[in-house]
Amino acid sequence: MRAVATRVAKWIDRLGVVWVEGQLTELKIRPDSKTVFMVLRDPAADMSLTLTCPRDLVRNAPVRLTEGTQVIICGKPNFYTGRGTFSLRVSEIRAVGIGELLARIERLRRLLDAEGLFDPRLKRSIPFLPNTIGLITGRASAAERDVTTVASSRWPAVRFAIRNTIVQGPNAVPQIVDALAALDADPEVDVIVLARGGGSVEDLLPFSDETLCRAISACRTPVVSAIGHEPDNPVCDLVADLRAATPTDAAKRIVPDAAAEQALISDLHRRSARALRNWVHREQHHLDQLRSRPVLAQPLAAITARGDEIHRARATAQRDITRLIAGETDTIGHLSARLTALGPAATLARGYAVVQAVPDTGPPTVLRSTDDAPAGTRLRVRVSDGVVTARSEGTEDDETGSST
């Protein structure tokens with residue numbers, strides 16, 4: 001048995017590589033193993049084949065490998081003598097049909113993304129109300145009817161510059177690129193819509209073409225991509241400035257609704273009028289509060305109050321001054337009376353006289369002693385009503401016996 005198994009293994013090992021197409025029905029990836037075990041089944045016959053594959057080859061496959069994936073594999077036949085089993089050692093995996101197209105689209109998507117064509121910062125803004133809408137679509141297509149009908153119903157004055165082209169097949173890309181360049185060069189066109197209805201992956205393949213994607217990126221006019229339906233996602237959706245789920249959605253997103261805008265204007269007018277009235281009412285209330293304050297309601301009240309205080313202060317000052325003057329007047333009267341009583345005039349009025357010796361030279365001097373008036377001295381006698389002159393005849397004794 002061992003000899004037979006060995007000879008079979010040697011004979012099979014001499015076989016070259018083979019290409020096999022089938023459907024994966026089993027995929028075993030063990031965390032601790034570098035080899036992946038798979039089973040490839042022929043959908044047209046009840047036959048299957050065991051495959052072994054390096055883990056890295058599965059990880060880097062052009063499509064995500066799962067149970068049910070249709071693939072083409074390149075492998076070398078191998079016979080395992082220990083268990084007597086036959087398998088293919090896989091060296092290359094390729095996608096089949098749609099899978100191959102999707103893999104090519106995915107490679108283009110990665111390339112353009114690496115070049116920055118998907119960068120949101122490069123997206124141009126869509127004008128609020130385009131002057132003219134450039135529309136690239138199939139002739140008499142449902143996409144053209146949807147865009148024009150919906151846009152016209154939303155804004156009746158909207159204008160279109162329509163370019164009808166083939167939207168599928170090998171000749172679609174050149175025609176679409178030419179129409180895109182013509183609309184981009186038209187100064188009246190403010191936005192360009194690239195519209196097409198739904199279809200299969202093969203039908204939408206022109207809109208994932210590298211030439212078209214680069215032409216969209218080079219446009220100076222904003223481009224809206226409205227290709228297929230919501231699940232469809234060609235590469236031009238990522239390059240365009242705006243992606244619309246459907247042509248109808250594109251018309252709604254680039255043309256404002258006149259009725260909605262009118263309602264918005266009415267609402268803004270109503271809100272602004274209410275805000276203005278509230279502001280006027282608030283300012284009027286503020287002015288009323290200011291006017292109700294005493295300083296503005298009765299501006300002279302403070303002055304009047306201060307005037308009354310001044311009048312009272314003046315009356316008090318006048319009364320105090322009058323009282324002071326009266327008291328000082330009384331004091332002066334008393335002092336004057338005392339001064340009068342003590343003065344020489346009063347003494348003279350009571351019968352006294354002031355006698356002065358008048359020398360031949362010099363001023364008169366008051367006679368204070370008899371020795372100051374020897375015989376022959378000229379005297380000046382002042383009484384209450386005048387002055388008399390006399391001459392001394394000497395001294396004599398007074399009634400008490402003293403000499404005068």
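How do the residues of the lining of the second largest pocket divide into nonpolar, polar and charged? I'll come to that below, after some ground rules.

**Ground rules.** I'm looking at a predicted model, where local features need pLDDT of at least 70, side-chain atom pairs count only at pLDDT 80 or more, and totals for chains, interfaces and linings use all residues. Numbering starts from 1 along each chain as its sequence is written, and side-chain values use heavy atoms, with hydrogens and water left out.

**Second largest pocket.** I found a volume of about 210 Å³ for this one. (A pocket is an open set of points on a 1 Å grid over the protein atoms alone, where a 1.4 Å probe fits, with protein on both sides within 12 Å along at least five of seven lines; lining residues have an atom within 4 Å of a point. The volume is the space filled by probe spheres set on the points.) It has 13 lining residues, and Leu 102, Ile 105, Val 201, Asn 233 and Pro 234 are the closest to its centre. My opening question gets this answer: six nonpolar, four polar and three charged. (Ala, Val, Leu, Ile, Met, Phe, Trp, Tyr, Cys and Pro count as nonpolar, Asp, Glu, Lys and Arg as charged, and the others, Gly among them, as polar.)

**Largest pocket.** Here I noted a volume of about 330 Å³. Phe 37, Thr 50, Thr 52, Arg 83 and Thr 85 are the closest to its centre, out of 13 lining residues. The lining holds five nonpolar, four polar and four charged residues.

**Helix pair.** Next I checked H5 (residues 172-185) against H6 (residues 210-218): their axes come within 9 Å and cross at roughly 10 degrees. (Helices are DSSP runs of H or I, at least four residues, numbered from the N terminus; axes are lines fitted to C-alpha atoms over the stretch in contact, with angles from 0 to 180 degrees between N-to-C directions.) So H5 is roughly parallel to H6, a label for angles under 35 degrees.

Key. Helices (H or I, at least four residues) and strands (E, at least two) are DSSP runs, numbered from the N terminus. Angles under 35 degrees count as roughly parallel, over 145 as roughly antiparallel, 65 to 115 as roughly perpendicular and the rest as oblique.
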